[in-house]
Amino acid sequence: MQATPKTFNIVLIGQNNRLQYESLLFAASLRHSSPDFAGRVFVAVPQLGPLWSQDPSIQNEDILNALRQLDVEILPFDSQLFGESYPYGNKIEALLALPEGEPFVFFDSDTLITGDLNTVPFDFSRPSASLKVEGTWPRPTLYGPGFDGIWRALYQRFSLDFDSSLDTSQPHDYWRRYLYFNAGHFFYSCPRAFGERFRDYAQAIRDEDIPELAGQVLDPWLDQVALPLVIHSLGGGRDALPAGLLDGSVTCHYRLFPLLYARESDHVVEVLETVVAPNRVKKVLKGYDPIRKLVIQRKGHKIRAMFDRENLPQREQVIRNKIKAKGLWMR
């Protein structure tokens with residue numbers, strides 16, 4: 001495994017919605033938990049254009065100032081392919097605005113840095129992504145091809161070796177046999193090379209008539225359908241990082257604040273409440289109701305008391321319903 005470069009760039013998406021608050025929280029957690037991180041931190045912001053009916057950019061000056069105080073750079077980019085019709089495409093198109101040839105890690109904005117990012121032994125020549133994933137796609141139909149047939153067709157479409165992507169310890173037509181990631185984080189040595197391939201693959205999957213995809217729903221899964229193909233094509237895979245660091249001791253992809261309080265460790269909650277506490281951050285983040293009520297007003301601890309984290313319900317919907325029944329669900 002190659003040594004981690006001394007610096008690499010971080011990028012996440014910010015918009016004029018909850019993402020602007022999440023991106024500020026991410027930056028505050030990074031500076032708290034990884035104070036020696038020396039790379040550049042970009043919040044990539046889509047700009048108003050033909051693919052947006054309203055301006056998606058961050059216009060809240062308090063948030064912009066707070067991000068700058070945390071040495072975050074605002075990175076404007078134009079939406080050429082996705083925009084409002086598929087906002088998850090922002091993470092694809094933003095890559096093309098990053099400095100070419102410089103290693104990067106993309107994180108979803110609903111992520112906390114909970115440990116020292118410099119301890120993660122990234123090998124940027126071997127891309128990978130989050131393995132904190134469920135079998136959300138594909139959903140084989142009764143008369144259509146199964147997992148094997150669907151994924152094989154995609155690999156063949158892009159002239160990729162399908163068999164070498166398989167985890168042969170898993171059963172045929174079981175979703176874990178096939179390369180599949182959560183797009184909550186991913187990394188590579190060059191954002192331009194990764195972004196162009198990600199864009200091209202996603203566009204082809206969306207727009208072309210691939211018979212094996214008949215009956216498959218691509219929204220919101222398109223990014224996660226294209227991502228393993230991109231990673232495999234660039235020589236990466238599922239085993240590029242040691243387990244237990246990203247989505248473990250160093251980062252937490254919490255997704256929603258009620259779920260964070262229900263499921264995550266005491267350390268994650270401690271980091272969250274510590275980084276929100278300084279007034280210069282708190283006065284901005286309290287503009288977002290879930291943070292104001294659950295974190296600042298500490299109502300999240302009512303959710304926390306409802307669950308045994310050593311024995312959580314297997315299905316997330318059960319957790320959600322229990323929180324909703326107490327009137328504490330918010331997003």
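**View 1. Burial of F104 in the predicted model.** F104 has a relative accessible area of 0% and is therefore buried (under 20% relative accessible area; over 50% is exposed and the range in between partly exposed, with a 1.4 Å probe and protein chains only). The model is predicted: local features need pLDDT of at least 70, side-chain atom pairs count only at pLDDT 80 or more, and totals for chains, interfaces and linings use all residues. Residues are numbered from 1 along each chain as its sequence is written, and side-chain values use heavy atoms, with hydrogens and water left out.

**View 2. The pair of F104 and F186.** The structure holds 26 aromatic pairs (ring centres of Phe, Tyr or Trp, the last by its six-membered ring, within 6.5 Å; planes under 30 degrees apart are stacked, over 60 edge-to-face, the rest tilted). The ring centres of F104 and F186 are 6.2 Å apart and the planes meet at 80°, so this pair is edge-to-face. It joins distant parts of the chain, 82 residues apart: F104 in strand β4 (residues 104-107) and F186 in strand β7 (residues 182-188). Strands are DSSP runs of E with at least two residues, helices runs of H or I with at least four, numbered from the N terminus. F186 is also buried, at 0% relative accessibility.

**View 3. The pair of F104 and F194.** These rings are edge-to-face, 5.8 Å centre to centre with 75° between the planes.

**View 4. The aromatic cluster.** F104, F106, F186, Y188, F194 and F198 belong to one aromatic cluster.
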